[in-house]
Amino acid sequence: MLILGIETSCDETACAVVEDGRKILSNVIASQVKSHSRYGGVVPELASRLHIKNCIPILENALGEAGIGLSDIDAIAVTAGPGLIGSLLVGVEMAKALAYVLEKPLVPVHHIAAHLYTPFLDAADALGSSDDFDYPYLGLVVSGGHSSIIFVREPLSYDVIGRTLDDAAGEAFDKVAKLLGLGYPGGPIIDTLSTEGDPEFFRFPRPAMKGDDCHLSFSGLKTAVVRFVHKWRDEGRAIGDGDVKNIAASFQAAVVDTLISKTQRALIRTGAKRLAIVGGVACNQGLRAEAQSRLRRIKLHIPPPILCTDNAAMIAGLAPALLNAHRTAPLTLNADANLPLT
Ligand code: KG4
Ligand code: ZN
C-alpha cells in the first residue's frame, strides 16, 4: 500500500511516500527556517504563504524521488491538527483536492500521534532498530509546541501520563537562545554550544521535580536563566563567548535531567519496557547521550534527526493503521488547531 503523506502544521512544508507504513520511498521537506529566523520565531501568516508557494513543488519532488505517479497512490494522509490553523489549512486543502481528483481515501492524521509512530519507520541510522520495536511503549514527545509523556498501549490507543504545564521543551530552548542573542531556532544552537561548555558551571533548577506527577514545566527554568543573565548584566559583568557556552550547557543539562527523570517516573508508573523519544528536541545530543546512559533497562528508540523534526513520512506511516480502523474523512474535512489526541 502506497500512501502519500502531507505535513504543513508549522513551518515545514513536507510530502512523503511510504509503503505499508514502514518503508520510506521519499521524504521531502522544505524548511522555512531562514524566512522566519529574522523575526526570531515563526510568523504564522508568512508560514501559510510559504506553504502555498512550496506545496506543489514539494509534492512533485516526493513523487519523483519515490519513482511513482499520482495514480499509484492508494490513499492521501494529511496532518489535520494540532498546529497553526493557516498552515494546517494549506495541507488539508491540498489533500482534499488530491483525494477528490484521484478518488482515493483521505486520512486525517494527528500530528503528535504521527510523531509517536516514528519508531516503526525503517531508518538504518535510528538509535535502536525499528524491526523489533513494538507495543506497548512509552513516548516522550518533545518539540517546539509540545512536551508530553504518552503511553501507547496498542496502535491508536494513547494514555497521556504527563503534559506541558507551560512552555514546551523546544520553546524553552528557543527562548533561552533568544535571550542570549543566539538566533532561531535555538535548540540546535544551544546543543552545539553545549558541547564546548561546562554543564556544571551553574546549577539551574530542575523544574517540577517535587511531587510525584509526570507533567513537564520549563517556564520556571527559563525565568531562572533570565534572572541569572540580568544579574550578571546589572553587575556590569561582560558575558563572553565562554560564559555563553557554559550557560547554554548548564541550561541544557537542567532540561535533559528533568526530561529523563520524569520519563523514569512514567516508566515505573506504566511498567513500560520500551521508550521512544520523538519530536525536534529528540535531535539533542545531550538528551540522546543521557537517555542511553541512564535508561539501560528498557528498549530505547530515538529516530534519526530527519525523522525527529517535522516530516511527512510519519504522517504517511500512521495512515495504514487509521485506514484499518476505518478512520477516513469526507471531503468536508476541516483543519483543527487544537485537535485532541484520540
Ligand atoms: O518537532 P519540531 O520540528 O516542530 C514542532 O512540532 O514543534 O520541533 C522543533 C523544535 C524547536 O523548538 C527546536 O529548537 C527544537 O525542536 N530542536 C532542538 C534541537 N533541534 C531542534 N532542541 C534541542 N536540541 C536540538 N538539537
Ligand atoms: Zn512536530
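Throughout this tour, a residue is called buried if its relative accessible area is under 20%, exposed if it is over 50%, and partly exposed in between, with a 1.4 Å probe and protein chains only. This is a predicted model, in which local features need pLDDT of at least 70 and side-chain atom pairs count only at pLDDT 80 or more, while totals for chains, interfaces and linings use all residues. Residues are numbered from 1 along each chain as its sequence is written, chains are lettered from A and ligands numbered from 1 in the order in which they are written, and side-chain values use heavy atoms, with hydrogens and water left out.

**First stop: the aromatic pairs around F228**

Select F228, which is buried, with a relative accessible area of 11%. A pair of aromatic rings is described by the distance of the centres and the angle of the planes. Here rings of Phe, Tyr and Trp (its six-membered ring) pair if their centres lie within 6.5 Å, and planes under 30 degrees apart count as stacked, over 60 as edge-to-face and the rest as tilted. The count by this rule is 13 aromatic pairs. F201 is partly exposed, at a relative accessible area of 29%.

Next select F204, which forms another edge-to-face pair with F228, at 5.5 Å centre to centre and 80 degrees between the planes. F204 is also in the loop between α6 and α7, 24 residues apart from F228, and F204 counts as buried at 1% relative accessibility. For a further group of rings, select Y117, F120, F133, Y135 and Y137, which ring pairs link into a cluster.

**Second stop: the nonpolar cores**

In soluble globular proteins, nonpolar side chains tend to be buried together. A nonpolar core is taken here as a set of buried Ala, Val, Leu, Ile, Met, Phe, Trp, Tyr and Cys residues joined through side-chain atoms within 4.5 Å. To find the largest one, which has 48 residues, select L138, F204, V225, F251 and I277, the residues with the most contacts inside it. Among the elements that each supply at least two residues of this core are β6 (137–142), α5 (169–179) and β9 (274–278), while the largest share, eleven residues, comes from α8. Apart from this core lies another, of 36 residues, including A16, V18, A75 and L116.

Return to V225 and show its contacts (heavy atoms within 4.5 Å): not counting residues up to four places away in sequence, V225 touches V176, L179, F204, I247 and F251.

Select ligand 2, the zinc ion, together with H111 (NE2), H115 (NE2) and D310 (OD), which coordinate it at 2.1 Å. Donors are N, O and S atoms within 2.8 Å of the metal (3.2 Å for Na, K and Ca), and because water is not among the atoms, sites may look incomplete. The spacing of the donor residues in sequence is H-x3-H-x194-D. H111, in helix α4 (residues 111–117), and D310, in the loop between α10 (305–308) and α11 (313–324), link distant parts of the chain, 199 residues apart. H111 counts as buried at 4% relative accessibility, and D310 counts as buried at 13%.

**Last stop: backbone details**

Select G81 and P82, where the peptide bond is cis, with omega near -10 degrees; P82 is in the loop between β4 (75–81) and α3 (85–102). Then go to Y184 and P185, which are joined by a cis peptide bond with omega about -10 degrees, and note that P185 is in the loop between α5 and α6.

Which residue other than glycine has a positive phi near 55 degrees? Select E103, which has that value and is found in the loop between α3 and β5 (106–110), where E103 counts as exposed at 69% relative accessibility. Finish at L156, which also is not a glycine and has a positive phi of about 65 degrees; L156 is in the loop between β7 and β8 (157–162) and counts as buried at 16% relative accessibility.

Key
Helices (H or I, at least four residues) and strands (E, at least two) are DSSP runs, numbered from the N terminus.
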